[in-house]
Amino acid sequence: MRNIIVGASRFGIATARELIEDGQEVVIVDKNNERLEKLADQLDCGFLQGDGTLPTVLRDAYGDHADALVLLTNEDDVNILAAVVGRSIGFDRVIPQIVRNELLTVCDELGLEDVITPHSTVARSIVEALKDNSDTSVDLRLHKGIRVVGYSISADHDGKKVEELALPKDSRVIARAHGEEESLVDDSTELCEGDHLIIAVATGSLKELEEVLVPKEE
């Protein structure tokens, strides 16, 4: 597949990297030529300097054919405009990122069915994790280096404070759930057996985190 990404944002770069690793062709469009030049040393893909909302720029990016236009700038209105222009040019699929929920109705009215809502997706995943009773109820890749995971507190850690868990340095406890109660936590929060913790952790420290929180089999 050939994918055009408008916006060399952090999310745009991460998406491009994943697509490239999957063997797909990628072209990144961005106004900032200096940013593109830096990325050229990091990513094996095409680059096009220009305003991704302009028909001339998107036609150049489209070339003979492109399967998808993904709009990942940090500005919702830019993403919507570029999606509409891209659809008029002939992209089979246009996928804008929308952060502000109030603009989702605009996308519906414009017939933009494929919409990325990253903040809502992360929030929903965490809420679902808090309601789930499994030990590893969520395993969400925020990007290549960070995951959000869930663990249950065993009897070994009952009564301990978060700061006493000896967690890896590059991990942070975000929230906990117990029964119907859900709350954010800090280092002084006292834990009970059966609490479900949501933790952000560097991918390289997952094993160390498991060694702390997963009960060892007898």
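This is a predicted model: local features need pLDDT of at least 70, side-chain atom pairs count only at pLDDT 80 or more; totals for chains, interfaces and linings use all residues.
The chain has 7 helices and 10 strands. Among contacts between residues at least 6 apart in sequence, 56% join residues at least 24 apart.

**Helix 3**

- Helix 3 runs over residues 55-62, and its buried residues are V57, L58, A61 and Y62.
- Those four sit on the same side of helix 3, because they cover an arc of only 135° around the axis.
- Here's the background: an α-helix has 3.6 residues a turn, so residues three or four places apart point the same way.
- Just after helix 3 comes G63, with a positive phi of about 60°.

**The largest nonpolar core**

- The largest nonpolar core holds 21 residues, and I4, L69 and F91 have the most contacts inside it.
- Strand 1, strand 2, helix 3, strand 4 and helix 4 are the elements that give two or more residues to this core.
- In soluble globular proteins, nonpolar side chains tend to be buried together.
- Take F91 as a way in: leaving out residues up to four places away in sequence, F91 touches I4, L58, Y62, A66, A68, L69 and G86.
- Two of those partners, L58 and Y62, are also on the list of buried residues of helix 3.

**The second largest pocket**

- The second largest pocket has a volume of about 260 Å³.
- Its lining is made up of 17 residues, and D30, K31, T73, E75 and V78 lie nearest the centre of the pocket.
- Sorted by class, that lining has 5 nonpolar, 7 polar and 5 charged residues.

- A166 isn't a glycine, yet A166 has a positive phi of about 55°.
- To find A166, look in the loop between strand 7 (146-152) and strand 8 (171-178).
- A166 is exposed, with a relative accessible area of 59%.

Key
Residues are numbered from 1 along each chain as its sequence is written. Side-chain values use heavy atoms; hydrogens and water are left out. On a 1 Å grid over the protein atoms alone, a cavity is a set of points where a 1.4 Å probe fits but cannot get out, and a pocket is an open set with protein on both sides within 12 Å along at least five of seven lines; lining residues have an atom within 4 Å of a point. Grid points are joined across faces, edges and corners, and a volume is the space filled by probe spheres set on the points. Ala, Val, Leu, Ile, Met, Phe, Trp, Tyr, Cys and Pro count as nonpolar, Asp, Glu, Lys and Arg as charged, and the others, Gly among them, as polar. Buried means under 20% relative accessible area, exposed over 50%, partly exposed in between (1.4 Å probe, protein chains only). The arc is that of the directions from the helix axis to the C-beta atoms. A nonpolar core is a set of buried Ala, Val, Leu, Ile, Met, Phe, Trp, Tyr and Cys residues joined through side-chain atoms within 4.5 Å. Contact means heavy atoms within 4.5 Å.
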